[in-house]
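Open the model in your viewer and keep the selection tool at hand. The tour below goes from one selection to the next.

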Amino acid sequence: MASSTTSSMGRLRLAQHLRASAQPTAVRSSCIATRTFASSSRLRKDGDEPQGHLPGHPSSVFLTSLNDSFFDSVRPKTLSGNKNAKGGIPTYRLMDGVGRLLPGVTDETVNITEAEGVKMYRTMLLLPQIDVILYNAQRQGRISFMMTSYGEEGAVIGSAAGLDGKDEVFAQYRESGVLLWRDFSIDHFMSQVFGAEDDLCGGRQMPIHFGSTQHHFHTISSPLATQIPQAAGAGYALKRTKGRENNVVICYFGEGAASEGDFHAGMNLASTTKSPVIFFVRNNGYAISTPAAEQFRGDGIASRGPGYGMLTIRVDGNDALAVRSAVQAAKAKALSEQRPVLIEAMTYRVGHHSTSDDSSAYRSKQAVESWKQMDNPLHRMRNFLTDRGWWHDELEEQTKVQHRKTVIEAMGRAEKKKRPQLSSLFEGTYRGEMPGNLKEQRAELAELLEKYGSLPGWSKEMAKHANAGKDMEQYRIKK
Ligand SMILES: Cc1ncc(C[n+]2csc(CCOP(=O)(O)OP(=O)(O)O)c2C)c(N)n1
(Lines give C-alpha, C1' and ligand atoms only; values in the text may rest on other atoms or scores of the structure.)
Protein backbone atom coordinates (compact mmCIF):
# COMPACT_ATOMS: atom_id res chain seq x y z
CA MET A 1 0.00 0.00 0.00
CA ALA A 2 2.77 2.34 1.11
CA SER A 3 4.92 1.55 -1.91
CA SER A 4 2.01 1.95 -4.32
CA THR A 5 1.29 5.42 -2.80
CA THR A 6 4.95 6.36 -3.14
CA SER A 7 5.06 5.27 -6.75
CA SER A 8 1.84 7.11 -7.62
CA MET A 9 3.28 10.26 -5.90
CA GLY A 10 6.39 9.77 -8.02
CA ARG A 11 4.30 9.54 -11.19
CA LEU A 12 2.42 12.71 -10.20
CA ARG A 13 5.67 14.61 -9.66
CA LEU A 14 7.02 13.39 -13.00
CA ALA A 15 3.80 14.45 -14.75
CA GLN A 16 3.97 17.88 -13.04
CA HIS A 17 7.59 18.24 -14.08
CA LEU A 18 6.84 17.34 -17.69
CA ARG A 19 3.87 19.75 -17.78
CA ALA A 20 5.95 22.53 -16.21
CA SER A 21 8.85 22.06 -18.63
CA ALA A 22 6.41 22.31 -21.57
CA GLN A 23 5.23 25.76 -20.32
CA PRO A 24 6.84 29.17 -20.85
CA THR A 25 9.36 30.21 -18.17
CA ALA A 26 7.16 32.76 -16.34
CA VAL A 27 4.35 30.26 -15.85
CA ARG A 28 6.81 27.54 -14.80
CA SER A 29 8.35 29.65 -12.09
CA SER A 30 4.91 30.61 -10.77
CA CYS A 31 4.01 26.89 -10.43
CA ILE A 32 7.17 26.27 -8.45
CA ALA A 33 6.46 29.26 -6.20
CA THR A 34 2.91 28.00 -5.56
CA ARG A 35 4.21 24.56 -4.53
CA THR A 36 6.80 26.10 -2.25
CA PHE A 37 4.13 28.28 -0.60
CA ALA A 38 1.74 25.34 -0.24
CA SER A 39 4.33 23.13 1.40
CA SER A 40 5.48 25.74 3.92
CA SER A 41 2.13 27.51 4.54
CA ARG A 42 1.66 25.76 7.91
CA LEU A 43 4.66 27.69 9.25
CA ARG A 44 3.41 31.09 8.16
CA LYS A 45 1.10 33.53 9.90
CA ASP A 46 -1.80 35.32 8.17
CA GLY A 47 -0.62 38.15 5.98
CA ASP A 48 3.04 37.01 5.92
CA GLU A 49 2.86 36.06 2.29
CA PRO A 50 2.69 39.35 0.38
CA GLN A 51 2.46 37.88 -3.10
CA GLY A 52 -0.57 36.01 -4.28
CA HIS A 53 -1.07 34.50 -7.68
CA LEU A 54 -4.65 35.50 -8.27
CA PRO A 55 -5.64 36.25 -11.80
CA GLY A 56 -6.15 40.02 -11.97
CA HIS A 57 -4.87 40.75 -8.46
CA PRO A 58 -1.36 39.39 -7.93
CA SER A 59 -0.65 41.67 -4.94
CA SER A 60 -3.54 40.50 -2.75
CA VAL A 61 -2.30 39.30 0.65
CA PHE A 62 -3.45 35.78 1.59
CA LEU A 63 -5.36 35.32 4.88
CA THR A 64 -6.67 32.09 6.36
CA SER A 65 -8.96 33.54 9.05
CA LEU A 66 -12.54 33.92 7.84
CA ASN A 67 -13.24 36.52 10.51
CA ASP A 68 -10.44 38.77 9.33
CA SER A 69 -11.21 38.26 5.67
CA PHE A 70 -14.60 40.03 5.61
CA PHE A 71 -14.54 43.83 5.45
CA ASP A 72 -17.05 46.64 5.04
CA SER A 73 -14.99 49.81 5.10
CA VAL A 74 -11.97 51.37 3.50
CA ARG A 75 -9.45 53.60 5.28
CA PRO A 76 -7.33 56.25 3.63
CA LYS A 77 -3.60 55.55 4.08
CA THR A 78 -3.20 58.87 5.91
CA LEU A 79 -5.23 57.57 8.85
CA SER A 80 -2.87 54.83 9.93
CA GLY A 81 -1.22 55.97 13.14
CA ASN A 82 -3.69 58.86 13.68
CA LYS A 83 -5.01 58.33 17.22
CA ASN A 84 -7.97 60.67 16.66
CA ALA A 85 -9.27 58.54 13.83
CA LYS A 86 -12.23 56.76 15.40
CA GLY A 87 -13.35 55.32 12.11
CA GLY A 88 -15.01 56.68 9.05
CA ILE A 89 -13.58 58.68 6.19
CA PRO A 90 -12.00 61.98 7.31
CA THR A 91 -13.21 65.41 6.18
CA TYR A 92 -11.06 68.20 4.82
CA ARG A 93 -11.74 71.71 6.14
CA LEU A 94 -9.81 74.97 6.51
CA MET A 95 -12.13 77.08 8.69
CA ASP A 96 -13.80 76.30 11.98
CA GLY A 97 -17.55 76.71 12.45
CA VAL A 98 -17.32 80.49 12.72
CA GLY A 99 -14.84 81.16 9.95
CA ARG A 100 -11.49 81.24 11.79
CA LEU A 101 -8.64 79.37 10.14
CA LEU A 102 -7.89 76.08 11.88
CA PRO A 103 -4.56 75.58 13.66
CA GLY A 104 -1.84 74.98 11.10
CA VAL A 105 -3.82 76.65 8.31
CA THR A 106 -2.39 79.96 7.15
CA ASP A 107 -3.43 82.60 4.64
CA GLU A 108 -0.80 81.08 2.34
CA THR A 109 -2.59 77.72 2.55
CA VAL A 110 -5.90 79.36 1.63
CA ASN A 111 -4.20 81.38 -1.09
CA ILE A 112 -7.01 83.70 -2.07
CA THR A 113 -7.01 87.37 -3.10
CA GLU A 114 -9.35 89.97 -1.64
CA ALA A 115 -11.06 90.35 -5.02
CA GLU A 116 -11.78 86.63 -5.32
CA GLY A 117 -12.88 86.21 -1.71
CA VAL A 118 -15.26 89.15 -2.01
CA LYS A 119 -16.62 87.91 -5.35
CA MET A 120 -17.28 84.52 -3.78
CA TYR A 121 -19.18 86.02 -0.87
CA ARG A 122 -21.16 88.44 -3.04
CA THR A 123 -22.26 85.55 -5.26
CA MET A 124 -23.10 83.47 -2.18
CA LEU A 125 -25.29 86.33 -0.96
CA LEU A 126 -27.07 86.60 -4.31
CA LEU A 127 -28.37 83.03 -4.10
CA PRO A 128 -30.70 83.50 -1.07
CA GLN A 129 -32.02 86.75 -2.57
CA ILE A 130 -32.98 84.94 -5.78
CA ASP A 131 -34.33 82.02 -3.75
CA VAL A 132 -36.68 84.04 -1.58
CA ILE A 133 -38.03 86.15 -4.45
CA LEU A 134 -38.61 83.28 -6.87
CA TYR A 135 -39.95 80.98 -4.17
CA ASN A 136 -42.61 83.60 -3.40
CA ALA A 137 -43.23 84.19 -7.12
CA GLN A 138 -44.07 80.50 -7.45
CA ARG A 139 -46.43 80.71 -4.48
CA GLN A 140 -48.17 83.62 -6.19
CA GLY A 141 -48.62 81.53 -9.35
CA ARG A 142 -46.25 83.63 -11.45
CA ILE A 143 -43.89 80.73 -12.22
CA SER A 144 -44.56 77.02 -12.20
CA PHE A 145 -41.70 75.66 -10.09
CA MET A 146 -38.64 76.60 -8.06
CA MET A 147 -35.75 74.88 -6.28
CA THR A 148 -33.58 76.76 -3.81
CA SER A 149 -29.93 76.54 -2.76
CA TYR A 150 -30.40 77.49 0.92
CA GLY A 151 -27.62 76.00 3.04
CA GLU A 152 -25.55 74.86 0.06
CA GLU A 153 -24.13 78.23 -0.99
CA GLY A 154 -20.62 77.28 0.19
CA ALA A 155 -20.52 73.97 -1.69
CA VAL A 156 -21.82 75.47 -4.93
CA ILE A 157 -19.86 78.74 -5.05
CA GLY A 158 -16.72 77.22 -3.49
CA SER A 159 -16.62 74.55 -6.21
CA ALA A 160 -17.29 77.05 -8.99
CA ALA A 161 -14.43 79.20 -7.72
CA GLY A 162 -12.04 76.23 -7.91
CA LEU A 163 -12.54 75.89 -11.66
CA ASP A 164 -11.78 77.72 -14.85
CA GLY A 165 -14.71 79.29 -16.74
CA LYS A 166 -14.16 76.86 -19.63
CA ASP A 167 -14.36 73.68 -17.55
CA GLU A 168 -17.49 71.81 -18.60
CA VAL A 169 -20.33 71.71 -16.08
CA PHE A 170 -22.93 68.95 -15.83
CA ALA A 171 -25.29 70.01 -13.07
CA GLN A 172 -28.22 68.37 -11.30
CA TYR A 173 -30.47 71.37 -10.56
CA ARG A 174 -29.35 72.98 -7.29
CA GLU A 175 -26.21 74.51 -8.73
CA SER A 176 -27.42 77.67 -10.48
CA GLY A 177 -24.78 79.50 -8.40
CA VAL A 178 -22.14 78.08 -10.77
CA LEU A 179 -23.72 80.04 -13.61
CA LEU A 180 -23.91 83.19 -11.50
CA TRP A 181 -20.24 82.78 -10.61
CA ARG A 182 -19.53 82.66 -14.35
CA ASP A 183 -21.38 85.96 -14.79
CA PHE A 184 -24.49 84.50 -16.39
CA SER A 185 -26.72 87.56 -16.52
CA ILE A 186 -29.59 87.87 -14.12
CA ASP A 187 -31.79 88.72 -17.15
CA HIS A 188 -30.98 85.38 -18.76
CA PHE A 189 -31.64 83.73 -15.41
CA MET A 190 -35.10 85.26 -15.17
CA SER A 191 -35.90 84.66 -18.84
CA GLN A 192 -35.27 80.97 -18.29
CA VAL A 193 -37.45 80.82 -15.19
CA PHE A 194 -40.31 82.68 -16.91
CA GLY A 195 -39.88 80.83 -20.24
CA ALA A 196 -39.43 84.13 -22.07
CA GLU A 197 -38.74 84.67 -25.75
CA ASP A 198 -35.02 85.30 -25.23
CA ASP A 199 -34.45 82.27 -22.98
CA LEU A 200 -31.34 80.42 -24.18
CA CYS A 201 -33.27 77.13 -24.08
CA GLY A 202 -36.20 78.51 -26.06
CA GLY A 203 -38.59 78.42 -23.11
CA ARG A 204 -38.81 74.64 -23.32
CA GLN A 205 -37.36 73.71 -19.95
CA MET A 206 -38.86 73.70 -16.46
CA PRO A 207 -37.72 76.67 -14.35
CA ILE A 208 -34.12 76.44 -13.10
CA HIS A 209 -33.26 73.74 -15.66
CA PHE A 210 -30.62 76.00 -17.21
CA GLY A 211 -28.22 75.52 -20.07
CA SER A 212 -25.70 77.88 -21.64
CA THR A 213 -23.16 76.95 -24.31
CA GLN A 214 -21.26 80.18 -23.72
CA HIS A 215 -20.85 79.32 -20.04
CA HIS A 216 -19.95 75.67 -20.71
CA PHE A 217 -23.01 74.68 -18.69
CA HIS A 218 -24.78 71.68 -20.19
CA THR A 219 -28.54 71.71 -20.11
CA ILE A 220 -30.03 70.18 -16.96
CA SER A 221 -32.24 67.10 -17.17
CA SER A 222 -34.85 66.33 -14.53
CA PRO A 223 -34.45 62.54 -14.49
CA LEU A 224 -31.87 61.98 -11.77
CA ALA A 225 -28.30 60.99 -12.71
CA THR A 226 -28.80 61.54 -16.46
CA GLN A 227 -25.80 63.86 -16.38
CA ILE A 228 -23.39 61.35 -14.79
CA PRO A 229 -22.67 59.10 -17.81
CA GLN A 230 -22.89 62.21 -20.02
CA ALA A 231 -20.15 63.83 -17.94
CA ALA A 232 -17.98 60.71 -18.22
CA GLY A 233 -18.37 60.83 -22.00
CA ALA A 234 -17.60 64.54 -22.09
CA GLY A 235 -14.46 63.95 -20.01
CA TYR A 236 -13.31 61.34 -22.50
CA ALA A 237 -14.04 63.75 -25.36
CA LEU A 238 -12.07 66.53 -23.62
CA LYS A 239 -8.94 64.42 -23.33
CA ARG A 240 -9.15 63.61 -27.04
CA THR A 241 -9.68 67.22 -28.13
CA LYS A 242 -6.68 69.36 -29.05
CA GLY A 243 -6.63 72.63 -27.17
CA ARG A 244 -8.72 71.32 -24.23
CA GLU A 245 -5.81 69.68 -22.41
CA ASN A 246 -6.20 72.04 -19.45
CA ASN A 247 -9.91 71.58 -18.95
CA VAL A 248 -11.89 69.13 -16.86
CA VAL A 249 -15.54 68.21 -16.51
CA ILE A 250 -17.32 68.75 -13.22
CA CYS A 251 -20.42 66.68 -12.61
CA TYR A 252 -22.73 67.66 -9.76
CA PHE A 253 -25.33 65.44 -8.15
CA GLY A 254 -27.00 64.80 -4.83
CA GLU A 255 -26.36 61.75 -2.67
CA GLY A 256 -29.87 60.62 -3.62
CA ALA A 257 -28.99 60.55 -7.33
CA ALA A 258 -26.02 58.34 -6.44
CA SER A 259 -28.52 55.50 -5.90
CA GLU A 260 -29.36 55.49 -9.61
CA GLY A 261 -27.83 52.91 -11.95
CA ASP A 262 -26.46 55.74 -14.10
CA PHE A 263 -24.20 56.76 -11.20
CA HIS A 264 -22.41 53.41 -11.36
CA ALA A 265 -22.26 53.38 -15.15
CA GLY A 266 -20.82 56.90 -15.25
CA MET A 267 -18.27 56.38 -12.51
CA ASN A 268 -16.96 53.18 -14.06
CA LEU A 269 -16.85 54.66 -17.54
CA ALA A 270 -14.84 57.70 -16.41
CA SER A 271 -12.50 55.51 -14.39
CA THR A 272 -11.78 52.95 -17.10
CA THR A 273 -11.33 55.60 -19.80
CA LYS A 274 -9.06 57.59 -17.42
CA SER A 275 -11.01 60.75 -18.07
CA PRO A 276 -10.51 64.08 -16.27
CA VAL A 277 -13.87 64.33 -14.53
CA ILE A 278 -14.59 65.69 -11.06
CA PHE A 279 -17.66 63.97 -9.64
CA PHE A 280 -18.96 66.41 -7.06
CA VAL A 281 -21.63 64.96 -4.80
CA ARG A 282 -23.56 67.34 -2.56
CA ASN A 283 -24.44 65.17 0.40
CA ASN A 284 -27.13 67.42 1.85
CA GLY A 285 -28.76 64.79 4.05
CA TYR A 286 -31.99 64.23 2.10
CA ALA A 287 -33.35 62.92 -1.18
CA ILE A 288 -36.69 64.74 -0.91
CA SER A 289 -38.14 63.08 2.22
CA THR A 290 -35.68 60.17 2.50
CA PRO A 291 -32.85 60.89 4.94
CA ALA A 292 -29.36 59.83 3.90
CA ALA A 293 -29.32 57.23 6.71
CA GLU A 294 -32.08 55.35 4.86
CA GLN A 295 -30.52 55.69 1.41
CA PHE A 296 -27.36 53.61 1.86
CA ARG A 297 -25.40 51.68 4.48
CA GLY A 298 -21.84 52.55 3.42
CA ASP A 299 -19.78 55.49 4.69
CA GLY A 300 -21.47 58.19 2.59
CA ILE A 301 -20.76 58.34 -1.10
CA ALA A 302 -17.01 58.82 -0.65
CA SER A 303 -16.63 55.15 0.32
CA ARG A 304 -17.64 54.20 -3.21
CA GLY A 305 -14.77 56.06 -4.90
CA PRO A 306 -12.07 53.44 -4.15
CA GLY A 307 -14.43 50.79 -5.54
CA TYR A 308 -13.98 52.46 -8.90
CA GLY A 309 -10.25 52.99 -8.35
CA MET A 310 -10.96 56.68 -8.03
CA LEU A 311 -9.09 59.29 -6.04
CA THR A 312 -11.57 60.51 -3.45
CA ILE A 313 -11.88 63.31 -0.93
CA ARG A 314 -14.58 64.24 1.57
CA VAL A 315 -14.82 67.95 2.26
CA ASP A 316 -16.76 70.19 4.64
CA GLY A 317 -19.29 71.50 2.12
CA ASN A 318 -20.13 74.50 4.29
CA ASP A 319 -16.54 75.71 4.22
CA ALA A 320 -16.45 77.50 0.87
CA LEU A 321 -12.68 77.93 1.04
CA ALA A 322 -12.03 74.25 1.70
CA VAL A 323 -14.35 73.31 -1.16
CA ARG A 324 -12.50 75.69 -3.47
CA SER A 325 -9.11 74.21 -2.50
CA ALA A 326 -10.38 70.63 -2.81
CA VAL A 327 -11.70 71.31 -6.31
CA GLN A 328 -8.48 73.04 -7.35
CA ALA A 329 -6.44 70.07 -6.12
CA ALA A 330 -8.85 67.59 -7.70
CA LYS A 331 -8.57 69.39 -11.02
CA ALA A 332 -4.76 69.35 -10.86
CA LYS A 333 -4.76 65.61 -10.11
CA ALA A 334 -7.39 64.82 -12.74
CA LEU A 335 -5.24 66.52 -15.37
CA SER A 336 -1.77 65.40 -14.31
CA GLU A 337 -2.80 61.79 -13.58
CA GLN A 338 -5.52 61.64 -16.26
CA ARG A 339 -8.15 60.11 -14.02
CA PRO A 340 -11.46 61.08 -12.44
CA VAL A 341 -11.76 62.31 -8.84
CA LEU A 342 -14.72 61.97 -6.49
CA ILE A 343 -15.49 64.80 -4.05
CA GLU A 344 -18.15 64.35 -1.39
CA ALA A 345 -19.19 67.72 0.03
CA MET A 346 -20.99 67.34 3.37
CA THR A 347 -23.70 69.97 3.67
CA TYR A 348 -27.34 70.43 4.65
CA ARG A 349 -30.40 71.28 2.58
CA VAL A 350 -31.96 74.06 4.63
CA GLY A 351 -34.84 74.75 2.21
CA HIS A 352 -37.67 72.48 1.14
CA HIS A 353 -36.71 70.09 -1.66
CA SER A 354 -38.67 72.21 -4.15
CA THR A 355 -41.90 74.18 -4.30
CA SER A 356 -43.66 70.80 -4.56
CA ASP A 357 -42.43 69.81 -1.08
CA ASP A 358 -43.12 70.71 2.54
CA SER A 359 -40.18 69.41 4.56
CA SER A 360 -41.96 69.92 7.90
CA ALA A 361 -43.74 66.65 7.08
CA TYR A 362 -40.52 64.67 7.57
CA ARG A 363 -38.16 66.81 9.73
CA SER A 364 -38.67 69.22 12.57
CA LYS A 365 -38.47 72.97 12.11
CA GLN A 366 -36.12 73.13 15.14
CA ALA A 367 -33.66 70.76 13.44
CA VAL A 368 -33.59 73.01 10.38
CA GLU A 369 -33.15 76.11 12.54
CA SER A 370 -30.23 74.57 14.39
CA TRP A 371 -28.52 73.53 11.13
CA LYS A 372 -28.95 77.09 9.87
CA GLN A 373 -26.90 78.32 12.83
CA MET A 374 -24.35 75.54 12.90
CA ASP A 375 -21.38 75.98 10.54
CA ASN A 376 -23.44 78.31 8.35
CA PRO A 377 -21.50 78.76 5.07
CA LEU A 378 -22.46 82.44 4.74
CA HIS A 379 -21.48 83.37 8.30
CA ARG A 380 -18.15 81.58 8.02
CA MET A 381 -17.22 83.29 4.76
CA ARG A 382 -18.33 86.67 6.06
CA ASN A 383 -16.22 86.30 9.22
CA PHE A 384 -13.20 85.19 7.22
CA LEU A 385 -13.44 88.32 5.04
CA THR A 386 -14.21 90.63 7.97
CA ASP A 387 -11.16 89.39 9.92
CA ARG A 388 -8.97 90.45 7.00
CA GLY A 389 -10.60 93.86 6.68
CA TRP A 390 -12.11 92.88 3.32
CA TRP A 391 -15.76 93.20 4.42
CA HIS A 392 -17.87 95.19 6.88
CA ASP A 393 -21.48 95.65 7.99
CA GLU A 394 -22.18 98.55 5.68
CA LEU A 395 -21.03 96.57 2.64
CA GLU A 396 -23.20 93.67 3.78
CA GLU A 397 -26.28 95.88 3.93
CA GLN A 398 -25.55 97.65 0.62
CA THR A 399 -24.94 94.34 -1.17
CA LYS A 400 -28.18 92.79 0.07
CA VAL A 401 -30.20 95.85 -0.93
CA GLN A 402 -28.53 95.98 -4.35
CA HIS A 403 -28.99 92.25 -4.97
CA ARG A 404 -32.67 92.46 -4.04
CA LYS A 405 -33.24 95.39 -6.39
CA THR A 406 -31.36 93.65 -9.24
CA VAL A 407 -33.40 90.47 -8.84
CA ILE A 408 -36.79 92.19 -8.57
CA GLU A 409 -36.13 94.43 -11.56
CA ALA A 410 -34.92 91.53 -13.72
CA MET A 411 -37.97 89.50 -12.69
CA GLY A 412 -40.24 92.39 -13.69
CA ARG A 413 -38.58 92.63 -17.12
CA ALA A 414 -38.78 88.87 -17.73
CA GLU A 415 -42.42 88.69 -16.73
CA LYS A 416 -43.35 91.30 -19.32
CA LYS A 417 -41.53 89.54 -22.15
CA LYS A 418 -43.40 87.51 -24.73
CA ARG A 419 -43.03 83.76 -24.75
CA PRO A 420 -41.27 82.24 -27.80
CA GLN A 421 -43.36 81.88 -30.93
CA LEU A 422 -45.30 78.66 -30.76
CA SER A 423 -43.80 76.96 -33.83
CA SER A 424 -40.33 77.06 -32.20
CA LEU A 425 -41.56 74.31 -29.90
CA PHE A 426 -40.88 71.84 -32.71
CA GLU A 427 -37.52 73.23 -33.76
CA GLY A 428 -33.93 72.97 -32.59
CA THR A 429 -33.74 69.30 -31.61
CA TYR A 430 -32.72 68.01 -35.03
CA ARG A 431 -30.21 69.82 -37.21
CA GLY A 432 -31.21 68.54 -40.61
CA GLU A 433 -34.66 67.79 -42.00
CA MET A 434 -37.38 67.69 -39.33
CA PRO A 435 -38.57 64.07 -38.78
CA GLY A 436 -42.04 63.18 -40.11
CA ASN A 437 -43.58 62.57 -36.68
CA LEU A 438 -42.70 66.09 -35.52
CA LYS A 439 -44.14 67.56 -38.71
CA GLU A 440 -47.35 65.62 -38.05
CA GLN A 441 -47.56 66.92 -34.48
CA ARG A 442 -46.97 70.47 -35.65
CA ALA A 443 -49.73 70.13 -38.24
CA GLU A 444 -52.05 68.73 -35.58
CA LEU A 445 -51.43 71.70 -33.31
CA ALA A 446 -52.07 74.04 -36.24
CA GLU A 447 -55.41 72.29 -36.82
CA LEU A 448 -56.37 72.58 -33.15
CA LEU A 449 -55.56 76.27 -33.18
CA GLU A 450 -57.72 76.77 -36.24
CA LYS A 451 -60.58 75.00 -34.50
CA TYR A 452 -60.33 76.41 -30.98
CA GLY A 453 -57.93 79.36 -31.19
CA SER A 454 -60.65 81.99 -30.91
CA LEU A 455 -62.07 80.57 -27.64
CA PRO A 456 -61.29 82.92 -24.70
CA GLY A 457 -58.91 80.54 -22.83
CA TRP A 458 -56.93 79.74 -25.98
CA SER A 459 -56.72 83.28 -27.32
CA LYS A 460 -55.60 84.58 -23.92
CA GLU A 461 -52.76 82.04 -23.87
CA MET A 462 -51.84 82.71 -27.50
CA ALA A 463 -51.54 86.44 -26.79
CA LYS A 464 -48.62 85.64 -24.45
CA HIS A 465 -46.59 84.22 -27.35
CA ALA A 466 -44.62 86.17 -29.92
CA ASN A 467 -46.82 86.39 -33.08
CA ALA A 468 -49.80 85.31 -30.98
CA GLY A 469 -49.69 81.82 -32.52
CA LYS A 470 -50.08 83.17 -36.09
CA ASP A 471 -46.79 81.53 -37.11
CA MET A 472 -48.60 78.20 -36.84
CA GLU A 473 -51.05 78.98 -39.66
CA GLN A 474 -48.53 78.00 -42.37
CA TYR A 475 -48.47 74.44 -41.01
CA ARG A 476 -52.17 73.70 -41.45
CA ILE A 477 -52.80 70.80 -43.76
CA LYS A 478 -54.11 72.18 -47.07
CA LYS A 479 -57.53 70.71 -47.81
C1 LIG B 1 -34.96 58.94 -12.14
C2 LIG B 1 -35.68 59.82 -11.17
N3 LIG B 1 -36.28 59.29 -10.09
C4 LIG B 1 -36.93 60.07 -9.22
C5 LIG B 1 -37.00 61.43 -9.44
C6 LIG B 1 -37.75 62.31 -8.44
N7 LIG B 1 -36.79 63.10 -7.68
C8 LIG B 1 -36.48 64.36 -8.04
S9 LIG B 1 -35.33 65.02 -7.06
C10 LIG B 1 -35.25 63.66 -6.09
C11 LIG B 1 -34.33 63.59 -4.90
C12 LIG B 1 -32.89 63.77 -5.26
O13 LIG B 1 -32.11 63.91 -4.12
P14 LIG B 1 -30.59 64.25 -4.20
O15 LIG B 1 -29.97 63.62 -5.39
O16 LIG B 1 -29.98 63.94 -2.89
O17 LIG B 1 -30.54 65.82 -4.47
P18 LIG B 1 -31.12 67.03 -3.63
O19 LIG B 1 -32.50 67.29 -4.15
O20 LIG B 1 -31.10 66.64 -2.20
O21 LIG B 1 -30.24 68.18 -3.92
C22 LIG B 1 -36.13 62.68 -6.55
C23 LIG B 1 -36.31 61.35 -5.93
C24 LIG B 1 -36.39 61.94 -10.60
N25 LIG B 1 -36.39 63.24 -10.89
N26 LIG B 1 -35.73 61.13 -11.44
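## A covered helix

Start by selecting residues 153–161, helix H6, which is mostly covered: 9 of its 9 residues are buried. This is a predicted model. The buried residues of H6 are Glu153, Gly154, Ala155, Val156, Ile157, Gly158, Ser159, Ala160 and Ala161.

## The nonpolar core

Next, select Cys251, Val277, Ile278 and Ile343. These residues have the most contacts inside the largest nonpolar core, which has 88 residues.

Stay on Cys251. Leaving aside residues up to four places away in sequence, Cys251 touches Phe170, Gln227, Ile228, Ala231, Val277, Ile278, Phe279 and Phe280.

## Two helices against H14

Now show helix H5 (residues 114–139) together with helix H14 (residues 393–416). They pack at an angle of about 45°, and their axes are 9 Å apart. The crossing of H5 past H14 is right-handed.

To see the contact, select these two sets:

- from H5, Arg122, Leu125, Leu126, Gln129, Ile130, Ile133 and Ala137;
- from H14, Thr399, Lys400, His403, Arg404, Val407, Ile408 and Met411.

Coloured by class, the residues in this contact of H5 with H14 come out as 8 nonpolar, 3 polar and 3 charged.

H8 and H14 pack at an angle of about 50°, with 9 Å between their axes. That angle makes H8 oblique to H14. H8 also passes H14 in a right-handed crossing.

The sets to select here are:

- from H8, Ile186, Asp187, Met190, Ser191, Val193 and Phe194;
- from H14, Thr406, Val407, Ala410, Met411, Arg413, Ala414 and Glu415.

By class, the contact of H8 with H14 holds 8 nonpolar, 2 polar and 3 charged residues.

## Two residues with positive phi

Move to Lys274, in the loop between helix H10 (261–272) and strand E4 (277–283). Lys274 is not a glycine, yet its phi is positive, about 55°. Is Lys274 buried or partly exposed? Lys274 counts as partly exposed because it has 16 C-beta neighbours inside 10 Å.

Finish at Ala468, in the segment after helix H16 (456–462). Phi of Ala468 is also a positive value, near 50°, in a residue other than glycine. Ala468 has 16 other C-beta atoms within 10 Å and is therefore partly exposed.

Terms used: Residues numbered from 1 in each chain as written. Predicted model: local features only at pLDDT ≥ 70, side-chain atom pairs only at ≥ 80, totals over all residues. Axes fitted to C-alpha atoms, helices over the stretch in contact; angles between N-to-C directions. Helix = DSSP H or I, 4+ residues; strand = E, 2+ residues; numbered from the N terminus. Left-handed = near helix turned anticlockwise from the far one by under 90°. Contact = placed C-beta atoms within 7 Å. Nonpolar A, V, L, I, M, F, W, Y, C, P; charged D, E, K, R; others polar. Buried ≥ 20, exposed ≤ 12 C-beta atoms within 10 Å, placed from the backbone. Core = buried A, V, L, I, M, F, W, Y, C linked by C-beta atoms within 7 Å. Parallel < 35°, antiparallel > 145°, perpendicular 65-115°, else oblique.
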